[in-house]
Amino acid sequence: MRAKSRLSRWFPDVVPCLVALTILLPSFCQPAAAIPAFARKYGLRCSACHEAWPMLNYFGQKFKDNGYQLMNDRDSPIWQNNGYWPVTMRITPNWHRESDNKTSTDQSPTGVQQVTANGFDVSGLDILAGGTLEKNISFLLVPSSDETGAFHFESVNARLDNLFGSSWVNIKMGKFELDNIVSEKRILTISSNGGGFNIYHFIPAGSSNFYGQIGDNQFGVEWLGHSANDRTRVSAALVSSNDGNVDLPNNSYSGFFAASQAFDAGKLGTQRVGFYAMVGQAPTSFLTSGGIPIEGGGQSNKSFSREGFNGIFYLGKLDFQVVTQHGSDDAGFATGITGARNAVWNGGFVETHYVYSPQLVFIQRSEWVRMSQQADPTAASNLGDVDAYTFGYRYMPFMNARAGFAWHNEYSWVRARGMAPDGTDLSTSSLMLGFDFDF
């Protein structure tokens with residue numbers, strides 16, 4: 001019964017709620033593996049690996065791709081002081097304001113009204129541990145809680161690095177972030193509406209497919225290969241089609257493939273362009289017992305895909321993260337819709353960072369999702385279209401090998417066409433001020 005209850009928490013009975021919640025991204029807890037323990041281990045400042053904590057720079061990406069190693073004699077933990085402990089904790093006490101322009105209420109004559117709430121709060125807690133178990137054997141473990149203290153494993157994986165003496169053969173197994181050069185787990189924005197990329201989690205209206213969210217960590221095995229200077233990167237992963245949920249809710253799999261190339265643009269620095277694709281199948285129905293889904297009882301698998309191009313570009317103190325994506329869900333995910341068709345959409349975003357100094361960065365992101373074909377042939381052509389805008393800054397008064405601290409201010413606004421309870425547009429916004437720190 002324990003396993004069945006886990007399945008029932010996300011079985012398609014709750015898909016309508018998942019669709020609305022996921023499209024609007026109401027709450028994010030995005031662990032980012034910015035671990036001061038690495039700086040302590042090698043005697044480096046955090047700015048050696050981070051353009052602006054927790055976002056990686058080119059050196060930091062290379063360090064990560066090498067399995068949290070500098071490829072020198074200090075990589076093996078046997079050479080570290082016995083007091084060295086590669087663990088970091090991150091949490092964000094904050095004040096925030098959340099507003100929803102169309103919420104169902106019993107008190108409103110029309111059944112909907114604007115609801116706005118504000119107050120002091122705290123984020124979830126991330127406990128980040130990572131590094132080497134031995135030279136060329138690395139790990140990452142991230143137990144993570146929500147704001148109530150309920151824990152889950154956000155990441156847990158081990159990796160064999162530089163097999164056969166080659167940087168082109170690295171194997172990882174466990175629960176991990178899909179290999180994408182524009183990382184949601186290292187995002188600089190952290191508010192309820194701005195703390196994730198809409199296109200990485202988009203679920204079209206009428207679809208029950210929440211398995212294709214490339215922003216979520218997934219269970220599987222990954223091969224990563226890269227050149228010695230990390231300019232060229234390729235990866236392929238086989239993951240369970242369960243969106244990172246534990247146990248074995250179905251027997252379907254998905255593949256994720258990525259490649260990128262960096263090039264030197266002289267004084268502008270190192271630019272990088274790449275592409276990714278997630279293709280797979282997932283169940284559209286489950287065997288049940290007493291109305292409860294049976295573990296491993298997924299059936300009627302249908303296909304889905306997500307393909308995108310991305311890039312990271314530098315222009316002096318300005319840098320840009322650019323992502324475009326095409327998505328498609330088979331008509332089989334549109335259960336209960338007469339004459340259902342494949343749902344097809346396109347989207348993307350541009351995130352701009354103005355790095356005034358390593359301690360002060362200004363952030364802006366503009367994001368759009370547009371439906372190309374609705375699953376329901378009778379639905380409005382723009383149903384579920386998303387517009388999202390985020391503005392903010394992070395000021396880090398100090399950066400050292402012991403801890404990280406940022407004064408974070410952010411405003412985010414999201415609109416989803418036709419997704420309010422009364423069928424009109426739904427708009428939500430977040431304003432957040434907080435102390436984001438790790439140690």
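**Salt bridges and cores in a predicted chain**

By salt bridge I mean a side-chain nitrogen of Lys or Arg within 4 Å of a carboxyl oxygen of Asp or Glu. Arg306 lies in strand 16 and Asp329 in strand 17 (residues 318-329), so the pair ties together parts that are 23 residues apart in sequence. Strands here are DSSP runs of E, at least two residues, and helices are runs of H or I, at least four, numbered from the N terminus. Both Arg306 and Asp329 are buried. Buried is under 20% relative accessible area, exposed is over 50%, and partly exposed is in between, with a 1.4 Å probe and protein chains only.

Residues are numbered from 1 along each chain as its sequence is written, and side-chain values use heavy atoms, leaving out hydrogens and water.

The whole structure has 13 salt bridges. One of them joins the side chains of Arg90 and Asp436, at 2.6 Å, N to O. Arg90 is in strand 3 (residues 87-91) and Asp436 in strand 22 (residues 426-438), so this pair ties together parts 346 residues apart in sequence. Arg90 is buried, at 6% relative accessible area, and Asp436 is buried at 0%. Arg394 joins Arg90 and Asp436 in a network of salt bridges.

Another is Asp387 with Arg415, closest N and O atoms 3.1 Å apart. Asp387 sits in strand 20 and Arg415 in strand 21 (residues 404-416), so parts 28 residues apart in sequence are tied together. Asp387 is buried, at 5%, whereas Arg415 is partly exposed, at 21%.

Now the nonpolar cores, meaning sets of buried Ala, Val, Leu, Ile, Met, Phe, Trp, Tyr and Cys residues joined through side-chain atoms within 4.5 Å. The largest has 35 residues, and Val182, Tyr200 and Phe256 have the most contacts inside it. Elements giving two or more residues to this core include helix 5 (198-201), strand 11 (232-240) and strand 12 (253-264). A second, separate core has eight residues, among them Met55, Val355, Ile363 and Met396.

Contact means heavy atoms within 4.5 Å. Beyond its neighbours within four places in sequence, Val182 contacts residues including Phe197, Tyr200, Ile312 and Phe349.

Finally, the chain as a whole: five helices and 22 strands, with 51% of its 439 residues buried.

Note on methods
This is a predicted model: local features need pLDDT of at least 70, side-chain atom pairs count only at pLDDT 80 or more; totals for chains, interfaces and linings use all residues.
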